[in-house]
Amino acid sequence: MSDIARAIQEREQAFEAQYKLDEEQNFKIRARRDKLFGTWVAEKIGLQGEEAESYALKAAQLDLEAAGDDNLITKVTADLDEAGKSVSNAELLAALTSALTDAQKSYRDEYPAPLDGDHRL
């Protein structure tokens with residue numbers, strides 16, 4: 001294998017490793033965000049203890065059923081309406097944004113370095 005071919009192959013592997021790391025991080029951050037957001041909704045609804053924890057976990061699992069935020073927003077809006085809680089779209093967006101910021105920070109604090117050897121460039 002020529003030096004150029006080897007360099008190209010190494011560069012491709014580095015891009016693949018970075019992509020894998022980015023996708024893993026994004027998935028974990030979204031799951032944390034959704035759980036934090038679910039905790040916020042559970043509090044609004046009046047759930048406590050194990051019920052609140054269970055609700056938050058279910059919110060985090062919604063992204064596994066269908067990617068995107070639509071199913072999460074639809075679910076929590078219906079739950080808030082059913083509980084008689086009026087929450088504006090702006091308040092939902094603010095809570096979701098805050099949960100994302102908190103999730104990103106907690107992830108960076110917990111994983112300051114790549115997760116395993118195949119992520120190193």
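This is a predicted model: local features need pLDDT of at least 70, side-chain atom pairs count only at pLDDT 80 or more; totals for chains, interfaces and linings use all residues.
## Overall form

The chain is built from 4 helices and 0 strands, so that, read from the N terminus on, its elements follow the order α-α-α-α. Along the principal axes, the C-alpha trace spans about 70 × 25 × 25 Å. The radius of gyration of the chain is 19 Å, whereas a compact globule of 121 residues would have a value near 14 Å.

Of the contacts between residues at least 6 apart in sequence, 70% join residues that are at least 24 apart.

## Surface and charge

Buried residues account for 23% of the 121 residues in the chain. The accessible surface comes to about 8200 Å², and carbon and sulfur atoms contribute 52% of that surface.

Among the side chains, 15 are positive and 25 are negative, and the centres of these two sets lie 3 Å apart.

## Helix α1

Helix α1 covers residues 3–45, which makes 43 residues in total. From its first C-alpha to its last, α1 reaches 62 Å, a distance close to the 63 Å expected at 1.5 Å a residue. Just after α1 comes G46, which takes a positive phi of about 105°.

The buried residues of α1 are A17, L21, I29, R33, D34, F37, G38, V41 and A42, and as a group they pack against three other helices, namely α2 (49–65), α3 (70–82) and α4 (89–110).

R33 lies in helix α1, and R33 counts as buried because its relative accessible area is 5%, which falls under the 20% limit for buried residues. Leaving aside residues up to four places away in sequence, R33 touches D69, L72, L96, A99, L100 and A103.

F15 is also found in helix α1, but F15 is exposed, because its relative accessible area is 53% and exposed residues are those over 50%. F15 and A66 are 51 residues apart in sequence, and their C-alpha atoms are 27 Å apart in space. A further residue that lies in helix α1 is E24, which is partly exposed, with a relative accessible area of 23%. E24 and A7 are 17 residues apart in sequence, while the distance between them in space, taken from C-alpha to C-alpha, is 26 Å.

## Helix α2

Helix α2 has 17 residues, which at 1.5 Å a residue should span 24 Å, and the end C-alpha atoms of α2 are 25 Å apart, in agreement with that expectation.

In α2 the buried residues are A52, Y55, A56, A59, A60, L62 and D63. The cover over these buried residues of α2 includes α1 and α3, and α2 is in turn one of the helices against which the buried residues of α1 pack.

Technical notes:
Residues are numbered from 1 along each chain as its sequence is written. Side-chain values use heavy atoms; hydrogens and water are left out. Helices (H or I, at least four residues) and strands (E, at least two) are DSSP runs, numbered from the N terminus. The radius of gyration is taken over C-alpha atoms; the globule rule is 2.2 Å times the number of residues to the power 0.38. Buried means under 20% relative accessible area, exposed over 50%, partly exposed in between (1.4 Å probe, protein chains only). Contact means heavy atoms within 4.5 Å. Accessible areas come from the Shrake-Rupley method with a 1.4 Å probe; for residues, only the protein chains shown count as cover. Lys and Arg count as positive and Asp and Glu as negative; His and the chain ends are not counted. The place of a charge is taken as NZ of Lys, CZ of Arg, CG of Asp or CD of Glu. The expected span of a helix is 1.5 Å times one less than its number of residues.
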